[in-house]
Amino acid sequence: MARRGENARFWLPVAALLLLAGYSSQKVVRAHVDPSVDSIDYSFRRELPGRRGSIFDASGTPLVKSVPVWDYHLDPVALTNRVVRRRGEPPRPRAAIVKTIATALGLDFRKVLAMSEDVKRRYQPLAVSSDPEAHRTLADSTLVAGVSIEDRQIRQYLHRRRLSHVLGSVNAEHVGSAGVELRFNRYLTGVPGEIRGMKDARGRELYDKRIVSVDPVPGADIYLTIDHTLQYEAETALAAGMATFEPGSGWCLVMDAKSAAILAMASLPDFDPLRFGSTPDAAKLNRVTNFTYEPGSVMKVITAAAAFDSGFAGPDRIYSTERHDERYYKLPGDGSHVWDPTMTVGDAIVHSSNIVIGKLGYDLGPQRLWSYMRAFGFGTKTGIELPGEEVGILPDWKRWDKATWSRAPIGQGVAVTAIQLASAYQAIANDGVRMKPHIIKKIVDANGMDLYSHSDEVIGRPISSNTARMLRNVMLGVATKNGTARRAAIPGYSVAGKTGTAQKVIGRHYAPGLYRATFCGIVPASDPKLVVLVTLDFDANRKFHQGGNSAAPVFRRLATAALRYLMVPPDRPDEIPEDDDEDEFDQIMEERARSIVEAGV
Amino acid sequence: MKKNRKRSKKMSVMASRSMHVGGVLMMFFVMVIVNLLASSSCNQLMKSIGEKERQLTKLENDRARESARWDAMKTSENLDRALLKFGLSMKYPRADQIVRMDSHGRPKPGQLSVARASRRSSNAVNTAQVNRARKVR
């Protein structure tokens with residue numbers, strides 16, 4: 001018995017110890033293997049946002065980026081309840097805290113104070129800032145109370161309003177809502193990553209219990225064909241032109257004459273991409289691609305191209321300038337111009353005679369004219385990679401009445417987009433070969449691999465190279481003292497272009513005194529490098545509403561800057577004067593441009 | 001004697017049992033201590049991983065913010081505005097203001113700028129000669 005008692009005295013504590021060890025080790029093992037061992041769920045899942053891709057210009061200069069920022073909100077109740085004190089110092093009064101907040105974020109003190117007193121609203125947005133100094137101050141709990149800080153990413157448009165119609169905008173969920181942001185949202189959007197694991201009782205992540213850790217994949221970067229310096233020149237020239245001639249809106253385009261790459265595209269009024277939602281529709285409209293209008297006399301070049309290329313007439317064919325001719329139906333007039341009794345087709349382009357080109361178009365016949373217009377791309381989308389491109393209006397020739405026969409050749413009764421017009425002129429500049437206009441150079445994924453790379457695409461050959469050269473020679477006369485656009489002339493460079501002063505259609509009638517002034521030019525005409533189009537849209541009667549007086553000076557300013565920036569050598573160097581020969585509009589526009597830059601508009 | 005022999009046998013059995021149990025207990029405690037040490041080292045590692053992850057995120061964000069700030073400062077508009085602040089207004093040079101040099105530092109032939117410069121200098125020489133001739137007369 002004594003022996004049994006001794007055994008029991010020994011084995012009982014051992015058994016108890018083993019039981020205790022077994023139980024605790026089982027707990028430890030289960031806790032490692034099964035996270036749901038306790039009733040409180042310490043597991044968590046955190047999504048890591050995939051950074052949205054950036055947008056760059058052709059040279060790799062960033063235009064749009066996603067930037068991490070701090071989003072600050074004010075909780076007036078928390079500010080009131082909490083006693084904020086530095087060690088050994090008395091509590092900070094409300095006004096001092098508010099002053100710290102307002103100073104750090106650059107806000108108005110009275111506004112923040114009013115917010116801090118409105119205790120009914122407990123989540124009041126203060127500001128979004130990327131300033132690390134402000135963050136340091138506001139994260140310091142000894143200085144500030146009642147400010148909640150959230151990390152998030154915003155889309156930063158580095159050039160602010162510049163190129164807004166091309167770049168577009170994103171909504172609050174970072175989904176593209178206009179422009180390239182919308183069209184290429186699929187590529188730009190990143191793939192979010194995630195972390196799954198456990199937290200301790202104080203909410204800190206237990207890194208050794210991380211179950212899933214997937215890194216986010218950033219979205220692809222998009223490289224445009226736009227050159228940011230040319231874009232700046234285009235927008236400055238257009239803004240200066242608008243300040244000088246006071247149209248309601250205006251748009252311009254610089255296109256590479258060989259590849260049809262868009263180097264600059266501007267449309268005013270523009271918008272702030274960060275305030276896209278509250279922007280009026282008129283400002284959201286990209287007038288280069290999404291707006292159709294009667295082009296006016298700039299279409300005369302297409303009529304001449306049809307006549308020359310079909311062999312129907314050459315630049316020397318002579319027409320009578322008499323409007324009332326029995327053979328023609330409802331010819332358009334030439335205003336108060338007094339011409340010689342006869343005029344060649346070439347001179348009709350230089351002087352922009354409606355009567356002569358109207359007669360030429362009438363003689364060509366609707367079918368032939370229509371087919372050439374179609375071949376130049378009118379009535380079809382150019383296929384540029386921007387959302388909402390308009391088709392234009394080019395009714396089938398069978399539906400043309402006799403009035404349209406003589407009006408379509410001078411750019412009435414048809415509607416085009418600026419990009420269609422520039423594309424047609426690009427074909428003339430490129431010896432009759434029409435290339436696909438494009439604005440996307442390449443799309444590169446996060447690993448640097450090209451997802452898409454543009455290769456030049458021929459989309460038509462509306463005219464022969466001989467016709468194109470013949471046309472350019474004829475168009476050279478427009479930007480001279482005898483032509484309609486002497487203000488488009490650039491010293492040292494040959495300019496082949498055409499003016500257009502189209503009456504605006506309001507309802508079903510032409511509105512008296514309202515015009516759209518256009519100049520579309522090819523520079524240098526001897527070896528074309530650029531096609532530049534400028535249109536000013538007048539909402540009210542203005543003195544200088546003609547293409548040669550308003551659009552041409554803007555063209556001259558823009559084309560001069562573009563040629564010098566791209567270091568295109570002059571093809572007529574002997575014509576360069578010793579000093580800059582600026583005319584009155586050049587000086588006014590220079591002053592306006594300077595004040596625009598100074599004001600930061 | 002017999003009794004003593006019995007007790008000593010019993011004592012030796014007891015001692016060997018205690019040795020076994022002691023060994024088991026020792027192993028258990030060693031394991032516990034090893035577990036504790038490993039756990040503590042894991043905790044240290046975990047804290048350091050967490051700290052490094054936070055640091056990496058912060059540095060990446062700082063870099064993104066700084067690069068965006070720098071990019072925004074370099075825009076043509078801001079550069080122009082900065083120049084205007086100092087009363088400077090810059091234009092692209094005309095073709096006759098550009099001199100392109102070859103690798104030896106000599107101006108390349110056929111340039112408008114060079115032609116104009118040489119024309120100007122020859123005009124100046126001619127004028128000087130004419131003036132000198134007039135003085136001599």
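Where in chain A is the place of Pro269(A)? Pro269(A) sits in the loop between β13 (262–268) and α10 (281–284) of chain A. The model is predicted.

## Backbone geometry in the loops of chain A

Pro269(A) is joined to Leu268(A) by a cis peptide bond. Omega there is about 5°. A cis peptide bond also runs from Val523(A) to Pro524(A), with omega near -25°. Pro524(A) belongs to the loop between β21 (509–523) and β22 (530–537) of chain A.

His174(A) has a positive phi of about 65°, although it is not a glycine. His174(A) is in the loop between β6 (169–170) and β7 (176–178) of chain A.

## Make-up and extent of chain A

Chain A contains 19 helices and 22 strands. Its radius of gyration is 35 Å. A compact globule of 601 residues would come out near 25 Å. The C-alpha atoms of chain A fill a box of roughly 145 × 55 × 50 Å along the principal axes.

## Make-up and extent of chain B

Chain B has three helices and zero strands. Along the sequence the pattern is α-α-α. The C-alpha trace of chain B spans about 160 × 35 × 25 Å along its principal axes. Its radius of gyration is 48 Å, whereas a compact globule of 137 residues would have one near 14 Å.

Chain B is divided into two domains: domain 1 (1–90) and domain 2 (92–137). The C-alpha centres of domain 1 of chain B and domain 2 of chain B are 75 Å apart.

Two packed helices are described by the angle between their axes and the distance between the axes. Helix α11 (residues 300–309) of chain A packs on helix α14 (residues 366–375) of chain A at an angle of about 115°. Their axes are 9 Å apart. That angle makes α11(A) roughly perpendicular to α14(A). The crossing of α11(A) past α14(A) is right-handed.

From α11(A), the contact uses Ile302(A), Thr303(A), Ala305(A) and Ala306(A). From α14(A), it uses Arg368(A), Leu369(A), Tyr372(A) and Met373(A). By class, the residues of the contact of α11(A) with α14(A) are six nonpolar, one polar and one charged.

## Helix packing inside chain A: α9 and α19

α9(A) and α19(A) pack with their axes 8 Å apart, at an angle of about 110°. The two helices α9(A) and α19(A) are therefore roughly perpendicular to each other. Their crossing is right-handed.

On the α9(A) side, the contact is made by Thr236(A), Ala239(A), Ala240(A), Gly241(A), Ala243(A) and Thr244(A). On the α19(A) side, the residues are Phe585(A), Ile588(A), Met589(A), Arg592(A), Ala593(A), Ile596(A) and Val597(A). The contact of α9(A) with α19(A) divides into nine nonpolar, three polar and one charged residue.

## The interface between chains A and B

How many residues of chain A are in contact with chain B? The count is 30 residues of chain A, in contact with 26 residues of chain B. Elements of chain A that each supply at least two residues to this side are α1 (2–33), β3 (62–74), β9 (205–206), α9 (228–245), α18 (547–565) and α19 (584–599). β3(A) gives the most, with four residues. By class, the side of chain A that touches chain B has 17 nonpolar, seven polar and six charged residues.

Methods:
Residues numbered from 1 in each chain as written. Chains lettered and ligands numbered in written order. Predicted model: local features only at pLDDT ≥ 70, side-chain atom pairs only at ≥ 80, totals over all residues. Contact = placed C-beta atoms within 7 Å. Nonpolar A, V, L, I, M, F, W, Y, C, P; charged D, E, K, R; others polar. Domains from an automatic or database assignment. Axes fitted to C-alpha atoms, helices over the stretch in contact; angles between N-to-C directions. Parallel < 35°, antiparallel > 145°, perpendicular 65-115°, else oblique. Left-handed = near helix turned anticlockwise from the far one by under 90°. Rg over C-alpha atoms; globule rule 2.2 N^0.38 Å.
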